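I opened my notebook to look through one structure, entry by entry. I wanted to go from a marked region to the whole chain and then to single residues.

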Amino acid sequence: MAVDTESEREGLRERKKRQTRDTIVRTALELFDRQGFAATTIPEIAEAANVSPRTVSTYFQAKEDLVFPGTTEMFERLEALLSARGPDKTTADTLRTWFAEEVPRLESEHFVVARRVIQSSEHLIGYSGRFRARGEEIIARSIAEDLSADPGELEPRLASAATLAIFGVLDSLKDKQDDCAPTDHTAALGLLDRALLFVDAGIRALRDSPPSS
């Protein structure tokens, strides 16, 4: 019983920490969306979330991280899927699986607001580049495995950049939609499938082509 009680306490602590983190993020995004990222301070966020500024800084080392919560974990899940894929699965196949798992969260109200906040700030657009670079590195390594090449070679890097561009196009298409319209996950996956056909065909063609002399 003592073990169960300790486990319950630990679970309760984790739930409270997650709830606090979610409250801070939700409050911060509301303020960023209403009054701008640069104009919003950590003390303002803390007061609105009913926590101390120190608590905000404990959960988020930089103010920018409040706009990208979960992004690091999202790429970690992609990296794990790519590492675990079988020999009959290409990078493009695995990306489709990953996107299908992530799309409900990416299309949630939280991420819709976050995208709007990012697009309204040149600073945040620049900051998001570090995540794009991380994604390109992960995908380039995987494509290099498909091609039995080095991740630093031209082909894996070009294919990786083209793949990341697909997600940028999907984002721009989403931004043009009516915010009141329901999200069509099936349509988003259909668009991704069409785009990944080009990437996958290119990877397979490179893999099967004879080495250049």
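This is a predicted model: local features need pLDDT of at least 70, side-chain atom pairs count only at pLDDT 80 or more; totals for chains, interfaces and linings use all residues.

**The marked region**

I started with residues 41-60, whose end C-alpha atoms lie 13 Å apart. The span is 75% helix and 0% strand.

Asn50 lies in the loop between helix H2 (42-49) and helix H3 (53-59). Is Asn50 buried or exposed? Asn50 has a relative accessible area of 72%, so I wrote it down as exposed. Then I checked its backbone. Phi of Asn50 is near 65 degrees, a positive value in a residue other than glycine.

**The whole chain**

Next I stepped back. How many helices and strands does the protein chain have? I found ten helices and zero strands. Read along the sequence, the pattern is α-α-α-α-α-α-α-α-α-α. The protein chain has 213 residues, and buried residues make up 35% of them.

**Helix H4 against helix H8**

H4 covers residues 71-84 and H8 covers residues 129-147. Their axes are 10 Å apart, and the helices pack at an angle of about 5 degrees. Why do I call H4 roughly parallel to H8? Angles under 35 degrees count as roughly parallel, so the angle makes H4 roughly parallel to H8.

I listed the residues that meet. From H4 they are Thr71, Thr72, Phe75, Glu76, Leu78, Glu79 and Leu82. From H8 they are Phe131, Arg134, Gly135, Ile138, Ile139, Arg141 and Ser142. By class, I got six nonpolar, four polar and four charged residues in the contact of H4 with H8.

I stayed in H4 for one more residue. Leu81 is found in helix H4. Its relative accessibility is 24%, so Leu81 counts as partly exposed. Leaving aside neighbours within four places in sequence, Leu81 is in contact with Thr94, Trp98 and Glu101. I also looked up Thr97, which is 16 residues from Leu81 along the chain. The C-alpha atoms of Leu81 and Thr97 are separated by 8.6 Å.

**From H8 to helix H9**

Ser148 was my next stop, in the loop between H8 and H9. Phi of Ser148 is near 55 degrees, again a positive value in a residue other than glycine. Ser148 has 71% relative accessibility, so I marked it as exposed.

Then I moved into H9, where Ser160 has its place. Ser160 has a relative accessible area of 1%, so it is buried. Which residues does Ser160 touch, not counting those up to four places away in sequence? I found Gly135, Glu136, Ile139, Ala140 and Ile143. I checked Ala144 too, 16 residues from Ser160 along the chain. The C-alpha atoms of Ser160 and Ala144 are separated by 9.6 Å.

Thr163 lies in helix H9 as well, which covers residues 154-176. Thr163 sits at 0% relative accessibility, and buried means under 20%, so Thr163 counts as buried. What does its side chain reach? I found the backbone oxygen of Ala159, at 2.8 Å. Not counting residues up to four places away in sequence, Thr163 touches Leu95, Ile139, Ile143, Leu196 and Val199.

**Helix H10**

My last entry is Arg207. Arg207 lies in helix H10, residues 185-208. Its relative accessibility is 35%, so Arg207 counts as partly exposed. Leaving aside neighbours within four places in sequence, Arg207 is in contact with Thr90, Asp146 and Leu147. I returned to Ala144 here, which is 63 residues from Arg207 along the chain. The C-alpha atoms of Arg207 and Ala144 are separated by 9.6 Å.

Notes
Residues are numbered from 1 along each chain as its sequence is written. Side-chain values use heavy atoms; hydrogens and water are left out. Helices (H or I, at least four residues) and strands (E, at least two) are DSSP runs, numbered from the N terminus. Buried means under 20% relative accessible area, exposed over 50%, partly exposed in between (1.4 Å probe, protein chains only). A polar contact is a pair of N or O atoms within 3.5 Å; within protein, one must be able to donate a hydrogen and the other to accept it, and residues adjacent in sequence count only if both atoms are side-chain atoms. Contact means heavy atoms within 4.5 Å. Axes are lines fitted to C-alpha atoms, for helices over the stretch in contact, and angles run from 0 to 180 degrees between N-to-C directions. Angles under 35 degrees count as roughly parallel, over 145 as roughly antiparallel, 65 to 115 as roughly perpendicular and the rest as oblique. Ala, Val, Leu, Ile, Met, Phe, Trp, Tyr, Cys and Pro count as nonpolar, Asp, Glu, Lys and Arg as charged, and the others, Gly among them, as polar.
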